[in-house]
Amino acid sequence: MNRTTAPSGERLIDLCAIWDAGVSLSSAAWNGASCGVERRRLNEAKKVSRRMPLSPRISHPPRKQSLESSYIFYTLSQGGWEMLSSVQEVQLKQLEVTRPRGLGNRERGQVPRMARQPAPPWVHAAFLLCLLSLGGAIEIPMDLTQPPTITKQSVKDHIVDPRDNILIECEAKGNPAPSFHWTRNSRFFNIAKDPRVSMRRRSGTLVIDFRSGGRPEEYEGEYQCFARNKFGTALSNRIRLQVSKSPLWPKENLDPVVVQEGAPLTLQCNPPPGLPSPVIFWMSSSMEPIAQDKRVSQGHNGDLYFSNVMLQDMQTDYSCNARFHFTHTIQQKNPFTLKVLTNHPYNDSSLRNHPDMYSARGVAERTPSFMYPQGTASSQMVLRGMDLLLECIASGVPTPDIAWYKKGGDLPSDKAKFENFNKALRITNVSEEDSGEYFCLASNKMGSIRHTISVRVKAAPYWLDEPKNLILAPGEDGRLVCRANGNPKPTVQWMVNGEPLQSAPPNPNREVAGDTIIFRDTQISSRAVYQCNTSNEHGYLLANAFVSVLDVPPRMLSPRNQLIRVILYNRTRLDCPFFGSPIPTLRWFKNGQGSNLDGGNYHVYENGSLEIKMIRKEDQGIYTCVATNILGKAENQVRLEVKDPTRIYRMPEDQVAKRGTTVQLECRVKHDPSLKLTVSWLKDDEPLYIGNRMKKEDDSLTIFGVAERDQGSYTCVASTELDQDLAKAYLTVLGRPDRPRDLELTDLAERSVRLTWIPGDDNNSPITDYVVQFEEDQFQPGVWHDHSKYPGSVNSAVLRLSPYVNYQFRVIAINEVGSSHPSLPSERYRTSGAPPESNPGDVKGEGTRKNNMEITWTPMNATSAFGPNLRYIVKWRRRETREAWNNVTVWGSRYVVGQTPVYVPYEIRVQAENDFGKGPEPESVIGYSGEDLPSAPRRFRVRQPNLETINLEWDHPEHPNGIMLGYTLKYVAFNGTKVGKQIVENFSSNQTKFTVQRTDPVSRYRFTLSARTQVGSGEAVTEESPAPPNEAYTNNQADIATQGWFIGLMCAIALLVLILLIVCFIKRSRGGKYPVREKKDVPLGPEDPKEEDGSFDYSDEDNKPLQGSQTSLDGTIKQQESDDSLVDYGEGGEGQFNEDGSFIGQYTVKKDKDETEGNESSEATSPVNAIYSLA
C-alpha cells in the first residue's frame, strides 16, 4: 500500500482541524499541531483576501516589513563622477512617488450591501486546501530514521552585492543528521583549500568572506549542494551565482539637439549594462522630474519619446538616470539640450497640448507614424506565468491616441491593464490562452495607422505531478511519479542519491517506466533518495523524494484530550494525527459507544480525519480515535463543545449626509454568553481608525462633522474567538465638487476663444454652475477675475475677449455644498491691440487746498486698456467762461491743478489713449477748486418771547467759500460773574432757526454762531439774551415756600408771634403803653423813607438778594430766608407788592382825632405794636 509524505518537516494535515469558521484548538493543541506547507498556503490566501483573521488563536496576519535602502548618488560631469548633494538625493527619492505612470479610470460603482457574511473568503480557501491534504502525505516523526530532505536553499539565479560577503544557503534534515558537500561548475568544491570559504555548523550554507580582501567575481559560477546520510543523498537546485554590476556611464559631450517644431524626437538613454538591469528615469540637470503625458513619455527601453516637439520643450534640459538596486547607486548621464526651430517664437506658452493650435503656429498637421516598434508588424515571445508587455509609441500632429485590440477576441479584462498613457498594454500571469495577434491603433484627426504584434507563449517546465516521499513497510509495493509540462515538452531524467539511475547498482525490486518508478516487494535495502530532473530550453525543475522502509506500531502525534469548541450549524473536522508502518486503520467513537462513526452526518477521510457536516447540539461530547495496524494500536480523545453563533440582528443602513453633519451607524449583536464578544469596524475593508471625530460604542458608531474622506463602506465586524458576523453599509457624503481638469483652448479668433474642460467628480451633489475666471500678466499679474458663468450641464463655452490681453483661464465648479478648488490654469492666449473703446470712470474734481483742484478717476483695467502704454489726456477750464481748455497727459490716476480761485466750478474731461489711438470723446464733469473758511452768518437775532424759551434766527453767510456743511452754535448761561456749562449744537446747512429752552428764569445766555465748510468753522458772531423781567424773582420766592425747611421756619416764627401776643396781653392788663416811635433805639435819618402818615417802607427797592441768599452754579438765585408778608399784623394798613413782587410793609402809628383813649388798648394788642414794644 502506497504512503507518501511531503518534503516539509511538519505534518500537513494538522491545520485542517480548524479549517472552517467556528473551530478553535486549545493552546496545547495548537502548539502541538503544525501546518507546514498548508500554513503557508493559508497565509497566501489571507493576503489575497485582505480580510480580518477569523481568530487570533487561529491565524496571525503577516507583518508588513518596510525596508529602506540608502542610495549613493553620482552624476557625470565634464570632470568625471561627482557625488550629488543631499537636496538632490531627496528629489531623486521623491521621484519614486512622482514618476509618471499610465492613466487609469477612477470608477466607483454602487457598493452592494452585505447583510451577513458568515466567514471571509480566506476561510473557504483554507477549506479547499485542507480538502486537498486529506489524502496527502504523512510526515515521518524525527525520532525515526529517515533519509535527508532539503528544507532551504538559495534561488536558482543568485545575484549578490559585491560589497557584502557571499551567502549560498543549503539546509536539510534527516536522521541521522546529514553531512554536506558542494560542487562548483559540476566539479567538487574543496572548501578546506580556500581560507575565505567556510560552512556553517550543522548546515550546508556557504559563507565567502571578503573582509581580508579578494574579488567576488572570482567566485561566480554554478553551485550545487549535496546532503548525505547513510540512507541516501539529497540535492539542491543548481544555483547560478552572479555578482551585481553597476558600470559607470562613459564620458561624452552631447551637442544641442536641433529639431523643427512639430517634428518627432527620440532621446536615447543607452544605460551601461548592469546586473540586474537598472531602473531608468528622466530628470533635468536641476533634479526636477520631466513631466510626461501622451505627447512626451518614456519607453520601456528607457528612451524618451516626443510625439511632436513644442517650443516650450526648450525650457529645460533632459538627463537620463539609472538606479542600480544592489549597489544602491544612481548614475546621471550628461543632459541633452534642445534647440527648437519655429515660425512663431512669440507665443510659445499658449499652444501646448491644443491640437487646433498647431496650424496657428505654422506647424503642418500629419498622420501618425510609429516610433516604436518600427514597421507594421512584429513578434514577441513570453514565458508562461510571466507578464506580457506590449508597447506602441507613435508620432503625429496632433498627438495620436493609442487603442489596443486582440484579433479574434477580447482582451483579458481580469489580467490586462493599460500603462504609460495607453501606450503600453500589460497582461499579467500569461497563460497559453493569451497567445495570438494583438494590434495597436494610433489615430488623430488626420488619419490612423496600426501595428500588429504576434505573441507566442512558451513555458519552462511546470509540475503536473511532483514526486512525494514514499514510506513503505517491508514487502509493500509503491511508486514515484514525476510528471511535468512545458513548451517545448520537457524531458525527464531520474537519479538516485545524486547519480544517474543508469549508473546506479541494479535493484530487482525497482522498475523505471518513463516518468514513473515502480517498487515491488520493497525491502530495507531499497531505502534511498531519488531525484527527478525535468528540463527544456527555458529552464528546469529538480525534485527530491526518498523511499523509506519501516516497521513502526501506531503512535499519536497530537496532544491528548484536546478541547475543541465549534459553532452551531457549522461544518467541522476533527483530526487525529498519527503515524505507523504499515499504515494504521483509524476508527472514531463517540462517548465510548461501540459503533464506528461513518456515514450520515459523519464522514471519515483516508487519513483518518472525521468530518461533521453540520454541527448540532446533540453532537457535543467526547470523541475517541483508535489507530490500529499489525504491530499494535493507539488512541486519543477530543472533547467537542457546541456554541451559539454570533449574529448581527440590527444592521447599519446606507446613509446620505452633508458635510459637517453627524451620522450614526447601528450594529446590535447576539452571541453566546460564554464567549467574549468584540465589535470592530472596517472602512473600505480596512481597519477603521477611531479618531477624535468618531465615537465607538457597543452597538453603534457615531461620526461627528462628516467630511468627504468619511465616504465609503463601513463594515461592522462582530467576532468571538470562534466566529464572526459582518454587516456593511455605505455612507455617501455630499461634498464640494472636484476641480475641473484638462482645460483646452480651441477656435481661436481675435475677440473670442472656445474653452473646454473635463468636469471633476461632483461628490454626490450635482454641479449647478461653472465660473470661468481669467488672469492677465500686465496690470494685475497673479490676480484672478470672474469672466463668465455657465450652467453645470456644459463643459465648453465661447469666451468674449478684449484686445491686447494675455489671457489665462481657470474654471471653478459649484454645487449645493460649495465651490471646488480652481482648476489648473490653461495655456496663455494674447489678443491683438486696438484703440480704447471707453474712458475711465468716476471722474472727480475736488480741491485739497483753497487754491488748487485735484482731478481723479478710476484707472482702466487690463480688459479695457486695449493696447500698450495706456495713458490719460486730462482737460479742464472754468465753467461758463468759454476760455480755452487746459490739457495734460497723465500716466497715473490723478492730476492737481494749481493757483485756482477759491471754490470755483470747472469743466473736466479725461480721455484714454494707447499706442493704437485715442478713446471716444469724453463727457464733461463739473468739479470745484478748493474751499476756504466761510464768513460769519448774517443778521443773528435773539428773541425772548416768554420766560421759558429763547428764539434764535440768522441768515446764511455772505461768502460761503465752499459747500456749506452746517452751523455750530455754542451758548452758556451766566448770572453776574457766575457762568454755567457751555452747550454746543450742530445744525445742517439749510437750518436758520433754533429755540433754546431756559433752565431757569433768572440767568441770561450768551450765544456764539459760526458756519462750517469741509475746511473748518469760519468767523463767529456773538449775541446775548435780554435781561429777565422782575416777576421772575417773585416766582422764585414762591417756589421756595414749598420747601420743607421754609415751612419749619414759618412754624417757628408763628410760635414766636404767639409768645409775643401773650406778653402783650399781660402788659396790657397792667396798663402799659408802648408807642413804637418811642421805643426805637436808632432815630430815623433824613434818608429813611417816610410816609406822610409817619409810616416807613421796608421794601427791597433795588431788587437785591435778600440777606442770607446764595447764587447757584448755573446763575440762578436761591432764597434761604422767609419772605412772607406781615401785612396781616399791621394796624389799619394793607399789604402791598411792588412790580418786582417784593413785599412792602407799611407799619404806621395813627392818632386820629376822633379816636378815643379806648382805642389804645386795641393798638397794644396788634402783633406789630407788640414787636415794637419789645424793641
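This is a predicted model: local features need pLDDT of at least 70, side-chain atom pairs count only at pLDDT 80 or more; totals for chains, interfaces and linings use all residues.
The relative accessible area of Ile 1059 is 44%. Because buried requires a value under 20% and exposed a value over 50%, Ile 1059 is classed as partly exposed.

## Overall composition

The protein contains eleven helices and 86 strands. Of its 1175 residues, 46% count as buried.

Among the contacts in the protein with a separation of 6 or more, 68% are between residues 24 or more positions apart.

## A three-stranded open sheet

Strands β6, β11 and β10 build an open sheet in the order β6-β11-β10, and the pairing is antiparallel. The edges of this sheet are taken by β6 (166-168) and β10 (197-199); each has a single partner strand, so one side of each has no neighbour in the sheet. Ignoring direction, neighbouring strands of the sheet are turned by 20 degrees against each other on average.

In general, the strands of a sheet pair through backbone hydrogen bonds, in either a parallel or an antiparallel manner. Here, β10 pairs with β11 (residues 206-208) in the antiparallel sense, over three bridges. Within this pairing, Ser 198 stands opposite Val 207 of β11.

Key. Residues are numbered from 1 along each chain as its sequence is written. Side-chain values use heavy atoms; hydrogens and water are left out. Buried means under 20% relative accessible area, exposed over 50%, partly exposed in between (1.4 Å probe, protein chains only). Helices (H or I, at least four residues) and strands (E, at least two) are DSSP runs, numbered from the N terminus. Contact means heavy atoms within 4.5 Å. Two strands pair if DSSP finds at least two bridges between them. Axes are lines fitted to C-alpha atoms, for helices over the stretch in contact, and angles run from 0 to 180 degrees between N-to-C directions.
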